[in-house]
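Biologist: I am new to reading metal sites in protein models. Could you take me through one slowly?

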Amino acid sequence: MAAAAKSGIVFDLQTVRSGDAASGGNSGGARIGRFAATGSGVSFNTPSFIAQTSRGAVPHLSGDNLRDHTDVRVVYVALEDFIEKSHPNVPVYNHPSTLRDFISHPSNSLLMLAPRRSPPVTTATPNTDASIAILTSVGFRALEVDDYFNAVSSLRPDIAISPPDLPHQTPGKNRGPKMVFRTELWLGELVNRNASNTPLFAPILPLDIEQQSYYLGYLKEHISSLSGLALYDARLAVNLPDDLKGLPRLSLDEALTPHKVLQRVGWGVDIFDLVFLTQMTDAGISLTFQFPGETARKKEALGVDLWSNEYAASLDPLAVGCKCYACRKHHRAYVQHLLTAKEMTAWVLLQIHNVKIVSNFFAAIRGSITRGTFEEDCKTFAQTYKEEFPEQTGHGPRYHFPSPSPRNALLIQKRLRGYQFKSEGGARKKNPKAFNKLGGDKQEALEGSETPPDIDAERLEQVGLRSY
Amino acid sequence: PSALKYELIARCSTTKARASVLRLPHGPVETPLFMPVATQGTLKGLTPEQLESVGCRLCLNNTYHLGLRPGQIVLDKIGGAHKLQSWSHNILTGEFQMVSLLQLATVTEKGVEFLSPHDGTPMLLTPEHSISLQHSIGSDIIMQLDDVIVTTSPDEKRMREAMDRSIRWLDRCVEEHLKGDSYAERQNLFCIIQGGLDLGMRKECCEEMVKRDTPGIAIGGLSGGEAKDEYCKVVDTCTSLLPDGKPRYVMGVGYPEDLVVSIALGADMFDCVWGTRTARFGNAITSSGVLNLRNAIYAEDFRAVDPECQCPVCRPLDSPAPPLLNSTINPPSYASAPRGDDSYTGRGLGITKAYIHHLAAKETVGAHLLTMHNVAFLLSLMNKARIAIVEDRYPAFLREFFFKWYSGDKGKYPTWAVDALRGVGVDLLQGESEV
Ligand SMILES: [Zn+2]
Ligand SMILES: [Zn+2]
């Protein structure tokens, strides 16, 4: 089958199930592939997923847990997480080695660099021909595309996504052509200046395929310089020109449920950015779905809300049959306890588990495509599981670094920009405002259900026990 | 009755420092020992195996917090705190820092009365109830309920009352502990010496409590606002009166200087939340003192948090886990996992100060990493002290520790430490520096 060998990345497309009605097009259809980074020896089968990072860390997972307890093989890192300061003072640029060394990333997964987070937070100002509007932990600013190109050369990620020009709103008549123009311009620049031979993913814009047909032609011409495509609208996978089909397709539009993931697999997407992964972890929901599942009389939930008191004494694993570290060693009662005690370990265990559920999901999808039962299995899955994740009832994790004075606490709170930062139009519930008046009056502390964990524990010491 | 065995291994020929193996129901530990505080059944973002990986085999849970959440009924259903948190090693529980409770609590002979933080109804915690809760928790070492007054209280009458009451409450705790299901064969009750800063009262309390013959003895009420030289006098006085064959636990102490001095004064066991709490402020404990990694000077410091540290955070990326801190303790639970399993490896992470600076106060992972390092540092410091005692070079160890901690500036050595150590035959300011 088609194989594209590029500097550093080899994608071997092994199976394409095309022409089915669900895909609705010629080049759609579920695909099986093998993605390998020649230098580092990391390889994995597709369809698969990437994990988002915040400031270089997969939320809740220190490097040892990520390395030892998950099957994450690619993480997505945004340059905007590293460049608060002006250019000469940016620590990551002054690090004697690479981005991988700066964040001490485990060697069993690849680093994918992009200018912005996914999904990006809407900025106050628009992009220009030479710059992208970004948000750092200290505020909005512009990132010169030149600086991004230099960063790709010096930071040497395993994969870099060429910057797309994405406006905040649905583009009007004139904005579309400008998006295409800039995106092509920037890709051309990056290809020319790619001194470190970093494997590049070209963005596919969220526009109709006709609107970017010249750009797609440009991609065909330069296919030898490309290692993959980053789709900002997964539907376009169906209509991509045949010449580009040998490139792996990363979808960066939000597949908010496993059902949507399956639909996109059918469209021919190979690698997924799963926003729901950390979302569900933060919500205290343990994912429980399997592919394809067994149809029962009543539709099953996609996950279990471990905030529920129902699990207070449950010695069951987070999901029945799961073999992840959290399920082998711990049980629902512990996670329930940790959540209600607002202890950070709750989210560590949930993240390890939820990553495992998602890994198993993709492994089962690959098996199903290989067997030729994918369409049928998707129907079973649709009949087995509810459409949506359970409603979020609990409160997400919060940053609760104690601070010596309330004034500082507020300052830190303001400067905080964890991964929970809400993106415009994102599906995430905003965390209720945290109680952070450290020196505050006791009554207020007692009433504040949003008391940060440490303070919670310390308050308990001060105010005594409820009841035995 | 006792569910522990205290084996004295070595004694410093100059100071009162001792090294021992303490055999507990969930495996042996070695003293001097620092015990990290996992208040609510977890150590601030660390998995139990991360805690094991730095050599911890005895951690603390708080009876109050577990009594509140998940509560005694759930604890009974689950089968105790070891099962709750999947911790196969030892647990110590107590009602720590009752001092801080006093603003809102009334102490009567029956027990400590609180107002419920939820509905304001009065609640009563009695010595019997405290023991019953700790039976449900199933901790290897349980602490008596005591009446604690801040050591700096000028009210001598109240201090005496608290001391006398703590003795009476010990009797009630012992009685409760000996009732029923042979708890005393699985759990060790420690008494807590009170008496504030009054050495006479401490002496009296020691004598009374030693008579009760508990498997271990704690020195309580300290680590408040008292002057350090007063603190040292209390520890020194108590250890001189306590029997040789039992572990001595100084509650609430965990600052490195305090630890090494207290060891010289004859204390064996310590606990403190400082090391883990300070990690969440971005503070790293290193052999050259405490560094606040949120400070801009670390933004481009691409060296390990503490280059001398052997913890997973500080060791180079993917470097294999070193042998256990000491050979007596049980191997970590993950060591017996089948090959190919996605089990914990304890391999190095190669984290730099710059990366912690980048994460600090913004991502919880930064706090997890520093928490792990700080606990590792304190456990490793205790281990080094122990080896020095066994090799009978504890005075040299002390000089070396202070020299590094103050980067060679003897002028900065605290007077209280110099004086306290002089009292046990070590002059920090004399003699050759070790570094
Ligand atoms: Zn699991
Ligand atoms: Zn370390």
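Modeller: We will look at a zinc site and then at some annotated residues. This is a predicted model, where local features need pLDDT of at least 70, side-chain atom pairs count only at pLDDT 80 or more, and totals for chains, interfaces and linings use all residues. Residues are numbered from 1 along each chain as its sequence is written, chains are lettered from A and ligands numbered from 1 in the order in which they are written, and side-chain values use heavy atoms, with hydrogens and water left out.

Biologist: Which protein donors hold the zinc ion (ligand 2)?

Modeller: Donors are N, O and S atoms within 2.8 Å of the metal (3.2 Å for Na, K and Ca), and because water is not among the atoms, sites may look incomplete. Here they are C309(B) (SG), C311(B) (SG), C314(B) (SG) and H373(B) (ND1), at 2.1 to 2.3 Å from the zinc ion.

Biologist: What arrangement do the four donor atoms around the zinc ion (ligand 2) make?

Modeller: Four donors count as tetrahedral if all angles lie between 85 and 135 degrees. Around this zinc ion the angles are 96 to 121 degrees, so the arrangement is tetrahedral.

Biologist: Is H373(B) buried or exposed?

Modeller: Buried means under 20% relative accessible area, exposed over 50%, and partly exposed in between (1.4 Å probe, protein chains only). H373(B) has a relative accessible area of 0%, so H373(B) is buried, and C309(B), at 9%, also counts as buried.

Biologist: Which residues does the UniProt annotation "binding site" cover?

Modeller: UniProt positions are given in the numbering used here, with feature names shortened, and annotations may be inferred rather than shown by experiment. The unreviewed entry covers C322(A), C324(A), C327(A) and H353(A); although these are spread over 32 residues of sequence, their largest C-alpha distance is 8.1 Å.

How values were computed
Four donors count as tetrahedral if all angles lie between 85 and 135 degrees; four count as square planar and six as octahedral if opposite donors are over 155 degrees apart and all others between 65 and 115; anything else is irregular.
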